[in-house]
Amino acid sequence: MVAAVGSSAGIAAFSARQVDFGASDVPMTASEQAAAQGGPITQVPVDLGGEGIAYNLALPAGARLHLTGPVLAAIYLGQITRWNDPALTSLNPGLSLPPAQINVVHRSDGSGTTSIFSNYLSSGDPAWASKVGTGKTLNWPTGEGAEGNGGVATAVNRTPFSIGYVEQAYSQGLLLQFAAIRNQAGNYVLPSA
């Protein structure tokens, strides 16, 4: 059986011995390993995917949206709700961002991608850390859920003025734009292989 079901469902299937092996963006926790049937668990780091912030905005050719961790957290907390919010326009001088509502998209299933994204937001924004936290499954304060990375990529691709986090490989064929995110050194970076 080969199926992309999200990390939570995959770990559950592996733990119940419904499958012999699986892959996840985050390793099994000690408690997940202890709950697994059939003996000791061996985890082997094999692959790493670049996760990024996809968006659906009509920007001039060659223009790219710039974001920071705290601004992303505020968007996903529902505190920044419009594309022309001063927090966004100050990061994107020279771009005319529309007054449209930001359509937030997140994973609806338990996922390693969500764990990575929420860990990033928690590490850079105390409000996110205290209100939402980190995990494969979250109680989202705003937005629309979509199943799997493919579901998030498709929702962002089909929904004008939307934003979503997705593993970079799932943008293939959709021509999704990825935001440049400011890192700790102050440089804006993109997800890459």
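Me: Which residues of H3 and H5 meet?
Reply: In this predicted model, Gly69, Pro70, Leu72, Ala73 and Tyr76 of H3 are in contact with Phe117, Tyr120, Leu121 and Gly124 of H5. Contact here requires heavy atoms within 4.5 Å. The residues of this contact comprise seven nonpolar, two polar and no charged.

Me: Why is H3 called roughly perpendicular to H5?
Reply: Two packed helices are described by the angle between their axes and the distance between the axes. The axes of H3 (residues 69-76) and H5 (residues 112-124) cross at roughly 115° and come within 9 Å. Angles from 65 to 115 degrees count as roughly perpendicular, and therefore H3 is roughly perpendicular to H5. The crossing in which H3 passes H5 is left-handed.

Me: What makes the pair of Tyr76 and Trp140 tilted?
Reply: A pair of aromatic rings is described by the distance of the centres and the angle of the planes. Rings pair if their centres lie within 6.5 Å, with planes under 30 degrees apart counted as stacked, over 60 as edge-to-face and the rest as tilted. The count of aromatic pairs by this rule is six. The ring centres of Tyr76 and Trp140 are 5.9 Å apart and their planes stand at 55°, so the pair is tilted.

Me: Which parts does the pair of Tyr76 and Trp140 tie together?
Reply: Tyr76 belongs to helix H3, while Trp140 is in the loop between helix H6 (126-131) and S4, so the pair ties together parts that are 64 residues apart in sequence.

Me: What makes S4 and S6 the edge strands?
Reply: Five strands form an open sheet with mixed pairing, in the order S4-S3-S5-S1-S6. Strand S4 (144-146) and strand S6 (177-178) are its edge strands, as each pairs on one side only.

Me: How do you know that S3 and S5 pair?
Reply: Pairing needs at least two bridges between the strands. Strand S3 (residues 103-107) and strand S5 (residues 162-167) have three bridges, in the parallel sense. Asn103 is opposite Ser162 in S5.

Me: Which helices lie across S5, and at what angles?
Reply: Helix H3 lies across S1, S3 and S5, at about 115° to S5. Helix H7 (residues 148-158) lies across S1, S3, S4 and S5, at about 150° to S5.

Me: How do you know that S2 and S7 pair?
Reply: The cut-off is at least two bridges, and S2 and strand S7 (residues 180-182) pair in the parallel sense over two bridges. His66 has Ala180 in S7 as its bridge partner. These strands belong to an open sheet of three strands in the order S2-S7-S8.

Notes:
Residues numbered from 1 in each chain as written. Predicted model: local features only at pLDDT ≥ 70, side-chain atom pairs only at ≥ 80, totals over all residues. Heavy atoms only, no water. Helix = DSSP H or I, 4+ residues; strand = E, 2+ residues; numbered from the N terminus. Axes fitted to C-alpha atoms, helices over the stretch in contact; angles between N-to-C directions. Parallel < 35°, antiparallel > 145°, perpendicular 65-115°, else oblique. Left-handed = near helix turned anticlockwise from the far one by under 90°. Nonpolar A, V, L, I, M, F, W, Y, C, P; charged D, E, K, R; others polar.
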